[in-house]
Amino acid sequence: MTAVTQPQLDVAVAHSVPRQRDGGGREPSLPPSVYGSPARRLATRIGGYAVLAFFAILFIYPFVIQLANAFKTEQDAAANPLSPIPSPLSTASIERIFVGTGFPTWLANSVLITVLVTLGRVFFDSLAGYALARLRFRGRRVLFGTVLGMMSVPGVVLLIPKFLVLKQLGLYNSYAGLIIPVFIDAAGIFIMKQSFESVSVDIEEAARIDGAGIFRTYWSVVLPTMRPALITLTILSFQATWNEFPHTLVAVQSPQYFTLPRGLADLVSGSLGAGTQYPLKLGAALLATIPVAVLFFVFQRYFVRGANEGGSKG
Amino acid sequence: MTATGASLTRPVVRKTPRTGIYGRQGSAGWLFVSPAVVILGVFLLLPILMALFVSFTAWNGQGSPFTSTVPMAGGDNYTNLFAKDGLTRLDFMTSIRNNLYYVLLVVPLQTVIALSLALVVNQRLLKGKSFFRTAFFFPSVTSSVAISVVFLFIFLNGGAVNAVLGFFGIQGPQWFQDSRGLLHVILGGLGLVNNDSPPAALTGHTAFGLSYWDWLAGPSVAMCAIIALVVWTTSGTFMLMFLSALQNLPTELDEASLLDGASRRQHLRYVTLPMLKPTLFLVLTLGLIGTWQVFDQVYVMSQGNPAKTTLTPAFLSYRTAFYDFNYGSGAAISFILFLIIITLTLLQRYIMRDRDDRRPLWRRLSKGGAR
């Protein structure tokens with residue numbers, strides 16, 4: 001994303017700005033003074049920190065509430081929802097999550113599906129991305145155009161269509177129905193194609209001249225150089241699959257196939273939904289958040305990269 | 001899209017001198033993309049066509065929709081949404097109204113918050129940037145369902161938000177039981193209208209089955225809680241986009257304008273913001289496209305209640321199909337939604353492609369984009 005459009009024009013506008021009252025006697029050649037008087041700088045800095053601190057509390061405190069209330073008794077959570085300290089500290093809800101709900105099943109399903117889908121996406125997205133970036137075959141342009149088009153098909157309008165096709169193929173209410181439809185995604189193909197195009201073609205041609213086949217060139221020569229893109233794709237796939245909710249809603253029905261988001265949603269809006277048991281629900285939501293949270297804190301820069309790539313695809 | 005391309009290209013490629021390293025690329029290419037073509041074709045393109053067919057039937061979910069026993073509905077599923085007086089149209093128009101107010105609040109709020117946070121975080125005098133960036137971005141990578149559970153708790157009647165409001169002496173509403181529209185509440189609070197007997201001029205006239213009074217309700221109090229959640233989760237992602245754009249701005253420009261004595265406000269107004277225009281546009285359009293797809297939060301937090309004031313087209317289409325077993329009507333709603341979103345997406349792509357073009361939008365569109 002190159003944000004620079006006609007800088008000359010903007011500079012011209014900047015130059016037409018009248019000189020400032022408080023900058024009258026200032027030497028233009030002293031860069032530090034450019035940022036204002038020391039008092040003003042301090043005021044700006046304090047103001048900036050105040051804004052940031054306010055928003056940081058706003059963004060972090062819901063997680064504090066979640067964590068604290070998961071370890072409260074139900075009475076304590078109802079009486080002091082805002083307090084960050086449970087009194088008394090109680091692990092009863094956390095224990096009940098494991099023995100009194102379908103949580104262990106949901107967790108196992110989520111792990112299984114996330115691992116399989118992530119593997120599938122990383123391999124098949126990069127395979128297709130490589131072909132679209134490097135191999136010359138008829139229909140390539142049309143195919144890439146189709147992939148671009150598919151990226152903008154919103155998931156929520158596909159709920160009924162996906163349900164129809166899963167029913168028709170006999171995949172409804174099965175692991176296959178949970179996995180196969182999301183096994184390859186258009187956005188991943190797009191990211192990989194862009195990444196393959198950004199590296200030099202020389203090394204591949206050398207390998208091919210040395211007699212390596214197309215697949216071997218891709219697998220042992222090109223792919224090892226794509227580590228950052230592959231990590232980004234792995235993380236994006238993991239996060240997307242772990243958090244996926246609408247697809248599970250139309251793909252399965254029996255609690256034995258529920259993933260964590262589906263189970264959580266059932267816990268809240270289903271039979272147990274009536275107003276109470278919040279420490280239990282918050283605890284389950286907390287446990288479901290932990291894997292992605294850990295991944296986020298370890299690989300934050302890849303998340304950032306993913307967010308910016310998601311934006312520039314438009 | 002069939003695999004005939006491979007057999008067609010092969011003889012041509014063989015004749016070229018580059019056969020050594022470029023040979024067999026036709027078949028290899030198709031082999032490499034074939035898993036993607038099959039999966040995306042079967043689970044994306046095919047379903048869309050099937051649903052389009054179902055939207056013209058009155059299928060109730062029993063058996064296969066592709067047998068002759070399924071009654072055809074013609075265009076009824078579509079005309080019922082717009083032209084025929086009844087519950088179907090009332091629900092659909094209510095969902096459109098709800099989503100319009102949702103868009104109207106979420107898009108400006110998340111954009112302004114994201115931009116402001118990016119500008120503050122980007123200040124060179126501040127330390128601890130990466131901490132704040134992490135804090136603001138984290139909510140957007142968590143599960144929408146898990147975070148909805150947290151906000152459900154926070155917005156309980158005796159919950160955290162009302163406890164904070166109570167601290168300031170404000171009696172908080174019963175968030176998810178409160179179907180009053182925000183505009184009604186404000187107008188009533190100012191004494192301009194009486195909500196028990198609203199003006200006859202507004203209740204007496206209807207547009208698409210919904211009275212003017214109902215169209216002008218504003219988002220319900222319950223919807224405001226969902227809006228708060230969504231703004232809270234999405235602002236971080238958009239802040240990152242602004243931040244990366246800000247960090248790509250040439251620093252000479254900052255220095256030039258500051259040396260010229262521009263005040264902070266003038267610098268922001270005349271230098272920074274014009275340079276951020278493409279990103280601003282991207283964030284606004286991504287917001288517009290995203291806000292029409294709200295589903296998870298509605299499913300977990302309200303199921304369209306209270307009094308259908310958090311019903312959105314996406315959730316209505318799901319509810320119509322899977323709760324009321326009216327798959328034809330549900331599919332029709334999702335196609336209307338599809339149309340809305342695709343129109344916004346195409347508009348975005350079209351304008352982004354010509355973003356260096358400084359002519360006004362209407363002129364670019366009317367002249368077919370020619371420079």
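**Note on the two-chain model**

1. Ala68(A) sits in helix H2 (residues 38-70) of chain A. Helices here are DSSP runs of H or I with at least four residues, strands are E runs of at least two, and both are numbered from the N terminus. This is a predicted model: local features need pLDDT of at least 70, side-chain atom pairs count only at pLDDT 80 or more, and totals for chains, interfaces and linings use all residues. Residues are numbered from 1 along each chain as its sequence is written, with chains lettered from A and ligands numbered from 1 in the order written.

2. Ala68(A) counts as buried because it has 21 C-beta neighbours inside 10 Å. The cut-off for buried is 20 or more other C-beta atoms within 10 Å, with C-beta atoms placed from the backbone. Leaving out residues up to four places away in sequence, Ala68(A) touches Ser83(A), Pro84(A), Ile85(A) and Pro86(A). Contact requires C-beta atoms, placed from the backbone, within 7 Å. Ser83(A) is 15 residues from Ala68(A) in sequence; their C-alpha atoms are 7.6 Å apart.

3. Chain A has 16 helices and 0 strands. Of its 314 residues, 40% are buried.

4. The contact between the chains takes 95 residues from chain A and 108 residues from chain B. On the chain A side, H2(A) gives the largest share, 15 residues. That side divides into 65 nonpolar, 19 polar and 11 charged residues. Nonpolar means Ala, Val, Leu, Ile, Met, Phe, Trp, Tyr, Cys and Pro; charged means Asp, Glu, Lys and Arg; the others, Gly among them, are polar.

How values were computed: Buried ≥ 20, exposed ≤ 12 C-beta atoms within 10 Å, placed from the backbone. Contact = placed C-beta atoms within 7 Å.
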